[in-house]
Amino acid sequence: MRKFDTKVQYLKYKVLREVARMAWNDELFDKALDIPKIIVPGKTPTMRCCVYKERAILNERVKIAMGGDKTNPNVIEVIDIACDECPMGGYEVTDACRGCLAHRCEDVCKRGAITFDHHQKAHIDKSKCVECGQCAKVCPYSAIMDFKRPCVKSCKVKAISMNEDKAAEIDNSKCISCGACVYQCPFGAITDKSFILNVIDLLKKSEQNQKYRVYAVVAPSISSQFIYAKLGQVITGIKELGFHAVVEAALGADMVANEECKELAEKGFLTSSCCPAFVDYVQKQFPDLAPYISHNLSPMATIAQYIKKGDPTSKIVFIGPCTAKKMEFQKETVHPYVDSVITFEELQALFDSKDLDITTLSETALDNASYYGRIFARSGGLSDAVAQGLKENGLDHFDLKAVACDGIEACRMALLKASKRVLDGNFIEGMACTGGCIGGAGCLTHGEKNKAEVDRYGREALEKTITDALKQL
Amino acid sequence: MKLMVCIGSSCHLKGSRQVVEQLQHLIAENDLKEKIDLGGTFCMGKCQQGVCVTLDNDFYSVTPETAEDFFKTEVMSRL
């Protein structure tokens with residue numbers, strides 16, 4: 001059964017699994033240095049020039065699995081030696097250019113950047129080219145290619161540049177920790193720091209939840225993950241790891257939707273605050289709009305706050321698809337409630353570090369949240385929930401015009417318009433990942449069917465309305 | 001007095017919401033909001049006996065049918 005989209009994820013998973021395995025057995029500090037050789041035994045390289053380079057890079061991966069560089073506040077980190085220093089020349093004409101007569105590339109180029117040599121082959125004058133890509137689109141031979149680094153291409157906030165050694169470098173003042181580059185780098189040279197050791201430590205020191213209870217708060221996008229097993233089995237698996245209980249972040253989403261609609265009706269214009277990468281983006285790139293960010297905590301923090309109110313000594317671990325949540329939980333406003341964050345990738349590694357085959361487990365029910373809380377996991381869900389919240393709170397008179405932004409580029413467009421006061425809308429639902437949380441970098445798989453899975457999970461909720469879900473609190 | 005009702009998944013399926021609603025209603029009816037701090041909590045580890053309820057750390061098993069009795073005999077007697 002295929003668990004991951006790419007072999008990069010699989011490699012990262014193997015490192016996490018070995019680190020976790022040793023941590024459970026208290027062997028990490030003696031044996032951590034053996035991990036590269038466990039993963040790359042023998043002498044035949046399968047990934048790089050030689051096994052020694054492979055192991056050197058794996059060593060760096062082990063460090064990141066153990067928490068990474070403490071001096072770098074960003075949870076997204078570049079492994080310099082793993083960066084393949086991809087070409088980054090932008091649009092270039094390749095050998096596939098046949099030197100045709102039509103010269104569509106020349107005609108379409110508004111900058112006059114295309115010239116021809118005496119073989120009629122095209123060339124791009126880099127001093128004139130603005131990388132619009134029109135020439136590449138019209139070439140009948142697809143002879144013009146964009147040699148942009150996958151990391152740079154994926155980073156919509158333009159935080160990645162090249163350092164003097166040609167390795168990728170992240171500008172922390174721009175980076176929103178969305179993890180797009182982590183998922184896109186074909187060499188796995190950019191990766192997210194892991195807090196699995198903190199989580200294992202929390203679980204071990206709880207002494208089977210006797211000293212304090214450890215709660216897992218799971219993001220609703222879990223319904224589109226681990227599809228080789230039943231959701232109820234995943235929940236049992238989480239409990240088998242040593243968690244006292246599994247709680248839906250979607251219930252926090254219900255609480256947020258219920259408050260956010262009132263805040264919106266009162267203020268008249270609002271942006272959502274659920275997606276930490278989006279919030280970070282607004283604060284960094286559109287500081288003028290920062291006052292309009294909803295004052296609600298995210299669903300994760302909201303439900304964690306609720307759990308801690310009832311169980312003050314408890315520890316709370318969020319399990320989700322998101323790398324930016326690893327930044328969010330360290331914020332002053334959130335840290336009192338959330339103790340650690342791991343991704344679905346890391347959860348898979350934890351299962352396998354204990355040789356837990358979740359497909360053999362019985363099912364545990366997961367219920368509390370409403371349909372609306374659960375569909376927060378996909379783009380448009382939050383807007384639907386706020387609309388429902390307005391209705392349930394008798395605020396129908398407020399004319400909601402939600403702009404659901406799917407991905408950071410769409411967010412940018414909406415925020416630009418809002419900052420110029422020309423946005424046709426009064427509520428911006430900002431999701432940094434394409435598709436919403438189901439497109440998160442920490443997901444095991446990113447499939448076409450994921451949205452349908454989330455909607456199905458939503459419809460399975462016993463609580464049909466937000467009020468139903470909140471009545472139990 | 002702290003009255004906690006488990007709203008974890010198992011108890012939820014056994015009707016914890018109805019229990020909470022009844023208790024809220026009874027507290028309001030008897031004008032005890034000042035004296036009783038009603039709250040939700042997640043999983044007390046005794047799912048078989050749900051709906052799990054604690055009254056100042058003493059454990060009780062309550063169902064939507066027995067909620068009113070529980071309130072009258074156990075909660076009221078402690079006031």
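**Exercise 1.** Determine which residues of H3(B) are buried and how they are arranged about the helix axis.

*Solution.* In this predicted model, the buried residues of H3(B) are Ala67(B), Phe70(B), Phe71(B) and Val75(B). Viewed down the axis, these residues fall within an arc of 95°, so they line one face of the helix. The other side of H3(B) carries the exposed residues Asp69(B), Lys72(B), Thr73(B), Met76(B) and Ser77(B). Among the elements covering the buried residues are strand E1 (2-6), helix H2 (16-29), strand E3 (52-55) and strand E4 (58-61) of chain B.

**Exercise 2.** Assign the buried and exposed residues of helix H19 (residues 450-459) of chain A to its sides.

*Solution.* Asn450(A), Lys451(A), Glu453(A), Val454(A), Tyr457(A) and Gly458(A) are buried. They cover an arc of only 160° around the axis, which puts them on the same side of H19(A). The face turned away from that buried side carries the exposed residues Ala452(A) and Arg459(A). The cover of the buried residues includes helix H16 (371-374) of chain A.

**Exercise 3.** Describe the side of chain A that touches chain B.

*Solution.* The contact takes 16 residues from chain A and 16 residues from chain B. On the side of chain A, strand E10 (245-248) and helix H13 (299-310) each supply at least two residues. H13(A) gives the most, with three residues. By class, this side has seven nonpolar, five polar and four charged residues.

Technical notes
Residues are numbered from 1 along each chain as its sequence is written. Chains are lettered from A and ligands numbered from 1 in the order in which they are written. This is a predicted model: local features need pLDDT of at least 70, side-chain atom pairs count only at pLDDT 80 or more; totals for chains, interfaces and linings use all residues. A residue is buried if 20 or more other C-beta atoms lie within 10 Å of its own, exposed if 12 or fewer, and partly exposed in between; C-beta atoms are placed from the backbone. Helices (H or I, at least four residues) and strands (E, at least two) are DSSP runs, numbered from the N terminus. The arc is that of the directions from the helix axis to the C-beta atoms. Two residues are in contact if their C-beta atoms, placed from the backbone, lie within 7 Å. Ala, Val, Leu, Ile, Met, Phe, Trp, Tyr, Cys and Pro count as nonpolar, Asp, Glu, Lys and Arg as charged, and the others, Gly among them, as polar.
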